[in-house]
Amino acid sequence: DAHDGQLYASGRWRPAYSAAVAAGEAVVLFPNLFHETFVPEEGNPECTVATTFQFQLPVPTRFLRAFLPTLATSHLYYEGHCRELWHSYATLAPFRAERPTLNRSAARARAGARFTEADADGDGQLTVAEAEAYLAAPARSWARWFSTEDYFYDFRPDAREKQAMGDELLRARARDTVAYADVDGDGLVSAEEFSAAWWQWSLVHHRLAAQEKLERRHAADADILRAEQKYARYGHVADARADDSEL
């Protein structure tokens, strides 16, 4: 039920609020809020407008951290770029470099290793400066994902502009990374805070992996059913039945 309109099929759609918007008025909806809009044809000779504003900076990482279990169920997360781009806020690693686990001890160990690598002075607190230095290392070119042509769309900066923009975006990403795990708001990330963020990420993505496995199995079963229905007309049902090992 992650795509537009599919929520209706679940039978769980129960709007908590409703509002009638008159001329000159607007309703502002924050991200990840399910909503529906009705525009009665009678009495509405003019069109209505729905506008989405996307802000590149700062990334609302506190919001992402607080609602990650819910956000991860949206197709905009797992089919779009969100999963790839938000990954390192919790893991300090490139996409797919870490695998989710339900083993708490293993999660602590892996989070601890990443944290120790980033905590340059070894004081048990990750600062924005340390996060920026960690992400800026030549070996971590993945942190400059915004250097791709896709990021700039129809704007093509020259080399000097691109470098300046890249440095600014990397500094912003370092601040956003610290904000993601900094639950007590002191501007620093402790080893325990980072471990907690890593553990939440692991649990959410372990669930997501199980969900995607079920979806693949469901799609495969649907393909088998269609094949059976097709070949049943010719008496070749057995040929359409796939062994589980082939799925």
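Leucine 92 is buried, with a relative accessible area of 2%. In this predicted model, leucine 92 sits in the loop that runs between helix 4 and helix 5. Its phi is positive, about 55°, although leucine 92 is not a glycine. Leucine 92 follows helix 4.

The loop between helix 4 and helix 5 also holds arginine 96. Arginine 96 likewise is not a glycine and has a positive phi, of about 70°. Buried or exposed: which of these applies to arginine 96? Arginine 96 counts as exposed, because its relative accessibility is 64% and the cut-off for exposed is over 50%.

**Overall make-up**

The protein chain contains 10 helices and 2 strands. Along the sequence these elements come in the order α-α-α-α-α-β-α-α-α-β-α-α. The chain has 247 residues, of which 30% count as buried. Taking contacts between residues at least 6 apart in sequence, 59% join residues at least 24 apart.

Helix 4 is mostly covered, with 7 of its 10 residues buried. The buried residues of helix 4 are Arg83, Trp86, His87, Ser88, Tyr89, Ala90 and Thr91.

Helix 2 spans residues 61-71, and its buried residues include Thr61, Leu64, Arg65, Leu68 and Leu71. How are the buried residues of helix 2 placed when seen down its axis? They fall within an arc of 130°, so they line one face of the helix.

**The largest nonpolar core**

The largest nonpolar core has 32 residues. Which residues touch the most other members of this core? They are Tyr77, Trp86, Leu126, Tyr180, Val189 and Phe194. Two or more residues come from each of helix 2, helix 3 (75-78), helix 4 (82-91), helix 5, helix 6 (128-136), helix 8 (159-181) and helix 9. Helix 9 gives the most to this core, with 7 residues.

**Aromatic pairs**

There are 5 aromatic pairs in the structure. One of them joins tyrosine 77 and tryptophan 86, whose ring centres are 5.3 Å apart; their planes stand at 45°, so the pair is tilted. Tyrosine 77 counts as buried, because its relative accessibility is 3% and the cut-off for buried is under 20%.

A further pair is made by phenylalanine 115 and phenylalanine 194, with ring centres 6.0 Å apart and planes at 40°, so this pair is tilted. Phenylalanine 115 belongs to helix 5 (residues 104-118) and phenylalanine 194 to helix 9 (residues 191-232), so named distant parts of the chain are linked across 79 residues. Both phenylalanine 115 and phenylalanine 194 are buried.

**Arginines over rings**

Two arginines lie over the faces of tyrosine rings, as listed in the table.

| Arginine | Tyrosine | Distance from the ring centre |
|---|---|---|
| arginine 140 | tyrosine 134 | 3.6 Å |
| arginine 173 | tyrosine 89 | 4.4 Å |

**Serine 141**

Serine 141 lies in the loop between helix 6 and helix 7 (149-152). Serine 141 is exposed, with a relative accessible area of 54%. Where the chain separates serine 141 from proline 94 by 47 residues, their C-alpha atoms are separated by 9.3 Å.

Note on methods
Residues numbered from 1 in each chain as written. Predicted model: local features only at pLDDT ≥ 70, side-chain atom pairs only at ≥ 80, totals over all residues. Heavy atoms only, no water. Phe/Tyr/Trp six-rings, centres within 6.5 Å; stacked < 30°, edge-to-face > 60°. Buried < 20%, exposed > 50% of the residue type's maximum accessible area, 1.4 Å probe, protein only. Helix = DSSP H or I, 4+ residues; strand = E, 2+ residues; numbered from the N terminus. Lys NZ or Arg CZ within 6 Å of the ring centre and 35° of its normal. Arc of directions from axis to C-beta. Core = buried A, V, L, I, M, F, W, Y, C linked by side-chain atoms within 4.5 Å. Contact = heavy atoms within 4.5 Å.
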